[in-house]
Amino acid sequence: MAAERALQAPWWWKLVRPHHRTLVLGLSATVLCSLAAAWVPYWSGRAVHALELRDWHRSRVDLAWMLAVTLVAGIGRYLMRNILIGLSREVERLQREQIFDFLLAMPQAFFERNLIGDLMSRIGDDVNTVRMATGPGLMSLLQTASLLPMTLALMVHASPRLALAVLLPFSLLAVGFYFVGRASHRLQQRIQVVTSRLNTYSHETISGERVVQAFGLEQLRVDAFAELSRQQARMNINQTVLFGMYLPLSSLTAGLSALVLVTYGGSLVLRHVLTLGDLTAFTGYLAALAWPIMSLGWSANLFQRGKAGQERIDVVLGSAQAPLPAAETAPPERTPGPAGLTGRGLVHRFESGRGLGPLDLDLEPGARLAVVGGIGSGKTVLLQTLAGLRQPQQGALALDGAPLDWDRLREHWAGLGWVAQEAFLFSVSLRENLAMGRPGASKEELWEVARVVCLDDLVHRLPMGLDTVVGERGVALSGGERQRTALARALLRRPRLLLLDDALSAVDAETESRILENLRGFLRDVTLVLATHRVFVAELCDRVLVLEDGRVVQSGTPQELAEAPGHFARIRRLQSLEREILGEPFQA
Ligand SMILES: Nc1ncnc2c1ncn2[C@@H]1O[C@H](COP(=O)(O)OP(=O)(O)OP(=O)(O)O)[C@@H](O)[C@H]1O
Ligand SMILES: [Mg+2]
């Protein structure tokens, strides 16, 4: 088992393997640097020995050699740094892109199980720990690995006995490193978990900052944050204490070696077994080995951190969720005309047992369907299922008569206009937000959809017009303005299937009527499904479904339902009363 594990490629190999050419180049530079550096003490030892023999000429030649190898070592080190650190930056870039691509390919259910702050910490902190391991960590390891054998060979060549004696303390160090390294890895895993909790907590608190302030929760949040932050600091300090043992241990080892060198080496010189030049060279070898060996502890620490980071990244990347079909660079061909959609036995229930289905649905091309029902009756889940954003657990959808399987999702989305219940805008300009519906739309087209959703007045009033930046998630706009922007974005797409999830709930009744009037022209070639709480919006449709706990309890034309007892007739009575009180005659 242990042997099997030892034969396995190290965790970082799969990251570095695609860059094996660069790695070979970097390794060559490292070997060049180490080989040259190892010979520096050799030539200085020879120069001293020549001095011992009063051979000035030889001493000068040896010194010239020493200078030459120092120069080569310098060049090698320069190349090594540039190549290997560059490689780790490339690994970092690719890994970050891989995680980002992966996240974008995840279905909605994935984001309901993972916290945003935690995912962010994997893209940020964890990728960074991996970079430190594959960059400075790997470089230092390669350097030590190439310098050690060469220096050892030169030492053994000069005096095997002294080499053995001087290196004995270093074997003790290796054992110490092993134990400290193991403890450090375990601690690092815990640090990264707390760091990620800290990220999630701060992300959530700052996003919900208005709620925190309005409810006076600042102190509570600050205290909880401080506790997490204290935990993180305590663990980091423990890590520093643990890591701090490397340096004194290494210095102690180096000191012990120096002691052995002077006492035992000195006695060898006195007994004429060794020349003074050899002893000088040995001092140089030890000095040359001291840093690479000390840095072993440092790079071991970087590898522990990197390994812990990579494990956390792998947990996300190894998530059992099937990714969505890849987005093609060219959007899929759009089928002309309005979409036809059927659903048979659709079920999507959450752990709580709430949700959708079983439910059957037939949408002829060009149909207009309103979905009504109480709060939590499953309207949103139904629309998300029709949009292909949620996979039904049972049952199947068919688009234009053919099964809407996983591979056809992109085709479905190409013709889909989707307005979510909570409009989401990006922190770019209004123009860019709209154009996400159809990149490359002309200015006239943008203005046209802005007019349909009665947004043109607002745009005229804004000092920067369409170029106004809407702030994070569109905070610089009112709720109704955000909703209308989201609707305009969906219309600009000229969809075959338009799904509106309570898309005008934050718009006043008068504007809503105007928008619905303007929409008529737009809806000619569209199949429409809208979820709404407002009866007079539903009455624009040919058919109404009434949902209760995810099931259809009533269905029919608005007129039929208005006359039959049930949810629809009840809210219709209430809302017509409300309209009369407000002075607006209700026209069914
Ligand atoms: N992501 C989720 N995880 C767990 N339960 C959920 C999730 N989304 C919705 N639900 C539950 O499923 C049920 C249906 O929710 P849905 O959002 O479809 O209601 P709705 O009819 O759109 O309500 P509203 O009128 O308030 O928008 C609710 O009881 C809700 O609690
Ligand atoms: Mg809803």
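1. Helix 12 (residues 379-386) gives the most to the shell around ligand 1, with three residues. Helices here are DSSP runs of H or I with at least four residues, strands are runs of E with at least two, and both are numbered from the N terminus. In total, 15 residues surround ligand 1, and the closest are Phe350, Arg354, Gly376, Lys379 and Thr380; a residue is near a molecule or strand if its C-beta atom, placed from the backbone, lies within 6 Å of it. By type, the shell divides into three nonpolar, eight polar and four charged residues. Ala, Val, Leu, Ile, Met, Phe, Trp, Tyr, Cys and Pro count as nonpolar, Asp, Glu, Lys and Arg as charged, and the others, Gly among them, as polar.

2. A word on the model before you go further. This is a predicted model, in which local features need pLDDT of at least 70, side-chain atom pairs count only at pLDDT 80 or more, and totals for chains, interfaces and linings use all residues. Residues are numbered from 1 along each chain as its sequence is written, while chains are lettered from A and ligands numbered from 1 in the order in which they are written.

3. Back to helix 12: is it enclosed or open? Seven of its eight residues are buried, so helix 12 is largely enclosed by the rest of the structure. Buried means that 20 or more other C-beta atoms lie within 10 Å of the residue's own; exposed means 12 or fewer, partly exposed is in between, and C-beta atoms are placed from the backbone. The buried residues are Lys379, Val381, Leu382, Leu383, Gln384, Thr385 and Leu386. They pack against strands 1, 2, 3, 7 (497-501), 8 (527-531) and 9, where a contact is two C-beta atoms, placed from the backbone, within 7 Å. Just after the helix, Gly388 takes a positive phi of about 80 degrees.

4. Four strands form it in the order 2-1-4-5, with antiparallel pairing; two strands pair if DSSP finds at least two bridges between them. Strand 2 (355-363) and strand 5 (402-403) stand at the edges with a single partner strand each, so one side of each has no neighbour in the sheet. Strands of a sheet pair through backbone hydrogen bonds, either parallel or antiparallel.

5. Within that sheet, five bridges join strand 1 (residues 341-349) to strand 4 (residues 394-399). At one place Leu341 stands opposite Leu399, and at another Val347 has Gln394 as its bridge partner. Strand 4 also joins strand 5 through two bridges, with Leu399 opposite Ala402. The hairpin of strands 4 and 5 has two residues between the strands, and Asp400 takes a positive phi near 50 degrees there.

6. Strand 9 (residues 543-548) has partners of both kinds. It runs parallel to strand 3 (residues 368-373), with five bridges, and Val372 is paired with Val546. Five bridges also join strand 9 to strand 10 (residues 551-556), this time antiparallel; here Val544 has Gly556 as its partner. Strands 9 and 10 form a hairpin with two residues between them, and Asp549 in the turn has a positive phi of about 45 degrees.

7. Which residues touch the most other members of the largest nonpolar core? Of its 64 residues, they are Val371, Val449, Ala488, Leu499, Val529 and Val544. Helix 17 supplies the largest share of this core, six residues. A second, separate core of 51 residues includes Ala29, Trp39, Val40 and Met139. A nonpolar core is a set of buried Ala, Val, Leu, Ile, Met, Phe, Trp, Tyr and Cys residues joined through C-beta atoms within 7 Å.

8. Leu492 lies in helix 17 (residues 479-492). It counts as buried because it has 22 C-beta neighbours inside 10 Å. Leaving aside residues up to four places away in sequence, Leu492 touches Leu434, Gly437, Arg438, Ala441, Glu445 and Val449. Phe522 is 30 residues from Leu492 in sequence, with 9.9 Å between their C-alpha atoms.

9. Finally, the overall picture. The chain has 21 helices and ten strands, and 35% of its 588 residues are buried. Its radius of gyration is 36 Å, whereas a compact globule of 588 residues would have one near 25 Å; the radius is taken over C-alpha atoms, and the globule rule is 2.2 Å times the number of residues to the power 0.38. The C-alpha atoms fill a box of roughly 120 × 50 × 45 Å along the principal axes.
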